[in-house]
Amino acid sequence: MTMKKSIALAAAALSTTLSMALSMAFVTPAMAQTAAPAMAASDPAALYKAFGEKTGLTQLMDDFVNRLAADPRIADKFKNTNLEHLKHQLTEQLCQVAGGPCQYQGPDMAAAHADMGVSKGNFNALVEDLQKAMDARSIPFSAQNQMLARLAPMHRDIITQ
């Protein structure tokens, strides 16, 4: 087993709240970069820095939201959404989740997704699009896994069917 797959499987095991399909996404060929050393636990902003701080997160969310809007598996969930506002909200949210200085002020995930009818398949498509966007931005593999592990508990509030 390669080091990349070992790290991915460990990250998936730590994030037991994800569905099996999401856990398997950690070992897909789309995750092509090599594993980076784990970020220092003593630096609460290490993940924020690994994502390129606010500028890097803004660029990542631009790419990610564009992928969502173009993905036939999930695009219909965003057809009536102000994509620029979504990009801004997601940037603020991921900035906060990553340990950056931002304060997400949007709705909680349950309220934001209550009427969207998001299925596990929709959610997994979203995660795949996020992984592709992170790969395109050359986000280190270990940083990707750390971010996904931090975001994983939100799936309970997002998946509604």
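Colleague: Why is Glu53 called partly exposed?

Modeller: This is a predicted model, and the value is computed from it. The relative accessible area of Glu53 is 39%. Buried requires under 20% and exposed over 50%, with partly exposed in between; Glu53, at 39%, is therefore partly exposed.

Colleague: Where does Glu53 lie, and what is its phi?

Modeller: Glu53 lies in helix α4. Its phi is near 55°, a positive value in a residue other than glycine. Most residues other than glycine have a negative phi.

Colleague: What makes Ser138 exposed rather than partly exposed?

Modeller: Its relative accessible area is 57%. The cut-off for exposed is over 50%, so Ser138 counts as exposed. Ser138 is found in the loop between α7 and α8, and its phi is positive, about 60°, although it is not a glycine.

Colleague: How do you know that Cys95 and Cys102 form a disulfide?

Modeller: Their sulfur atoms are 2.1 Å apart. The criterion is a pair of cysteine sulfur atoms within 2.5 Å, so Cys95 and Cys102 qualify. A search of the whole structure finds 1 disulfide. With 75° about the S-S bond, the link of Cys95 and Cys102 is right-handed.

Colleague: Are Cys95 and Cys102 buried or exposed?

Modeller: Cys95 has 0% relative accessibility and Cys102 has 8%. Buried means under 20%, so Cys95 and Cys102 both count as buried.

Colleague: Which residues touch the most other members of the largest nonpolar core?

Modeller: They are Phe51 and Phe64, in a core of 34 residues. The elements that give two or more residues to this core are α3 (46-50), α4 (53-70), α5 (83-97), α7 (120-136) and α8 (141-151). In soluble globular proteins, nonpolar side chains tend to be buried together.

Colleague: What does Phe64 touch, leaving aside residues up to four places away in sequence?

Modeller: Phe64 touches Leu90, Leu126, Asp129, Leu130 and Ala133. Contact here means heavy atoms within 4.5 Å.

Colleague: How far apart are Met154 and Asp108, in sequence and in space?

Modeller: Met154 and Asp108 are 46 residues apart in sequence, and 9.5 Å apart in space, C-alpha to C-alpha. Met154 lies in the loop between α8 and α9 (155-158).

Colleague: Which residues does Met154 touch, not counting those up to four places away in sequence?

Modeller: Met154 touches Gln93, Val97 and Met109.

Notes:
Residues are numbered from 1 along each chain as its sequence is written. This is a predicted model: local features need pLDDT of at least 70, side-chain atom pairs count only at pLDDT 80 or more; totals for chains, interfaces and linings use all residues. Side-chain values use heavy atoms; hydrogens and water are left out. A nonpolar core is a set of buried Ala, Val, Leu, Ile, Met, Phe, Trp, Tyr and Cys residues joined through side-chain atoms within 4.5 Å. Buried means under 20% relative accessible area, exposed over 50%, partly exposed in between (1.4 Å probe, protein chains only). Helices (H or I, at least four residues) and strands (E, at least two) are DSSP runs, numbered from the N terminus.
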